[in-house]
Amino acid sequence: MGAVTIRDVRKNYGSLEVLHGVNIDINDGEFVILVGPSGCGKSTLLRMIAGLEDITGGEIAIAGNVVNDLAPKDRDIAMVFQSYALYPHMTVEENMAFSLKLGRVPRDEIKQRVASAATVLGLEPYLQRYPRHLSGGQRQRVAMGRAIVRSPQLFLFDEPLSNLDAKLRVQMRSEIKLNHQRLKTTTVYVTHDQIEAMTMADRIVVMHAGNIEQIGTPLELYDYPANLFVAGFIGSPAMNIIAGSLAGSAFRFPDGTTIDLGALPAGVEDGPMTLGVRPEHLRLDPAGTMAEVVVVEPTGSETQVTLNLGGHDLVGVFRERIRAQPGERIGIAFDSSLLHLFDGGTGSRIIR
C-alpha cells in the first residue's frame, strides 16, 4: 500500500540543477534511509516526496498513484521534522490530537488513536504536560506520536535526532526502529549520520552531489562499496584509502612499499589503483610489514591505533591491548581476502 516509486526525478533552482535524475523503488513497509553529506540533495528529495518542493522533472508515485501535482495534505503522509514544532500552549494529548480534530475525526476515535500512540511511545504519564515540561527525547516522541495517530501510508523523517545529545540519539534510534517493526509503515528517513543509517535501515540510499552512488542493505554497502565515495563514507572509523599502483598481484605504495593481494580476478590490469582496507581488517603480526605508531587511542574493548606505513597514515582497530608508544614500530598484516581495490581513474570497485 505504501510503496514509493521515484523515476528520473530532477530539481532545478533557476539554472542550477541539484538533483540529476534520481531513481529509487521503496517497497511497502520498508525502512529506507537517504544518507550523504550536507548539500547532497537528500532533504530536497524528501521534501519533494512530501510535496513541500515542486518537482522540476520526473515522477513520484505513492501506492501506485502519481503525486507530482497533489498537495501535501492529499498524499496520506506524515512528516517528523528536525525541530519538534510542537504547540507550546497545548498539552501532549492536544498536540497529538490536533491534526485529527482538523480532519473532523470523531472524538471517541481521536481518544483511542492518541491513547494507542501514547502506549507505543511510552507517553501515557505525560499526556497532560506541556512541551516545556518535557525533555528533548520526550518532545521528539510527541512529534512522532502526532505522526502516528494519523495512520498514514508513509512516514517521512527529516534528521529527527540531530538536536539530541549522544545518549538520547542512541535511545531514540532503538525506539524508532522498534516502532517501525510494530507499525510496519513505509518509512523514508534522512540523515547525514552514517551510524544512524547503518543501525536503522532495511536499505540505504547513498547520495552525493545530487546523484545516487549506491543502494543496498547496510552490510552490502559496508562489505561491497560500489566506489571510493561509498567506501569512505560508510563505516566508522572510515576505510583506509591508499592511492598507488598495481603490478601483478602486488600493490605498491608511492614510496615503494608493497603488499601482496593474492590471486586477482581475470582482466585486472597493472596500473594506477587505489587500495581500501577497513581498520578492523588490519591485524598485528610480528613477522608482517613494519609500521610506525603515531597515536594510540584505547577505548576499553578495542584499541584504535594510527600507523604510518609507506608515508601514509592508516587507522587500525585491534582487540588486543597495544603497549607500543608513539614512534615505536610494530608489525602489521593485511588479509588479502578482505582488501578492496578501486580503479585509479574512475574510483569504481574492482575486487571484494
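Predicted model: local features only at pLDDT ≥ 70, side-chain atom pairs only at ≥ 80, totals over all residues.
Student: Why is Lys184 called exposed?

Tutor: Its relative accessible area is 58%. The cut-off for exposed is over 50%. Lys184 passes that cut-off, so it is called exposed.

Student: What is the value of phi at Lys184, and where is the residue found?

Tutor: Phi of Lys184 is near 55°, a positive value in a residue other than glycine. Lys184 is found in the loop between α5 and β8 (186–191).

Student: Why does Ala209 count as partly exposed?

Tutor: Ala209 has 44% relative accessibility. Buried needs under 20% and exposed needs over 50%, with partly exposed in between. The value for Ala209 falls in between, so the residue counts as partly exposed.

Student: What is the phi of Ala209, and which loop holds the residue?

Tutor: Phi is positive, about 55°, although Ala209 is not a glycine. The loop lies between β9 (203–208) and β10 (211–216).

Student: What makes the peptide bond from Ser236 to Pro237 cis?

Tutor: Its omega is near 0°. Pro237 has its place in the loop between α8 (228–233) and β11 (240–247).

Student: How many cavities of 30 Å³ or more does a search of the whole structure find?

Tutor: One. The largest cavity holds about 100 Å³ of space. It is lined by 13 residues, and the closest to its centre are Phe155, Phe157, Asn179, His180 and Leu183.

Student: What makes a space a cavity and not a pocket?

Tutor: A 1.4 Å probe fits in a cavity but cannot get out, whereas a pocket is open.

Student: Which elements supply at least two residues each to the lining of the largest cavity?

Tutor: They are α4 (136–148), β7 (154–158) and α5 (166–183). α5 gives the most, with four residues.

Student: How do the residues of that lining divide into nonpolar, polar and charged?

Tutor: Nine are nonpolar, four are polar and none is charged. Phe and Leu count as nonpolar, so Phe155, Phe157 and Leu183 are on the nonpolar side.

Student: Which residues have the most contacts inside the largest nonpolar core?

Tutor: Ile33, Met96 and Tyr189, in a core of 45 residues. A second, separate core has 27 residues, including Val32, Ala50, Ile60 and Met79.

Student: What is Ile33 in contact with, leaving aside its neighbours within four places in sequence?

Tutor: Its partners include Tyr189, Thr191, Glu196, Met200, Arg203 and Val205. Contact here takes heavy atoms within 4.5 Å.

How values were computed. Residues numbered from 1 in each chain as written. Heavy atoms only, no water. 1 Å grid on protein atoms, 1.4 Å probe; cavity = no way out; pocket = protein on both sides within 12 Å on 5 of 7 lines; lining within 4 Å. Points joined across faces, edges and corners; volume = space filled by probe spheres on them. Core = buried A, V, L, I, M, F, W, Y, C linked by side-chain atoms within 4.5 Å. Buried < 20%, exposed > 50% of the residue type's maximum accessible area, 1.4 Å probe, protein only.
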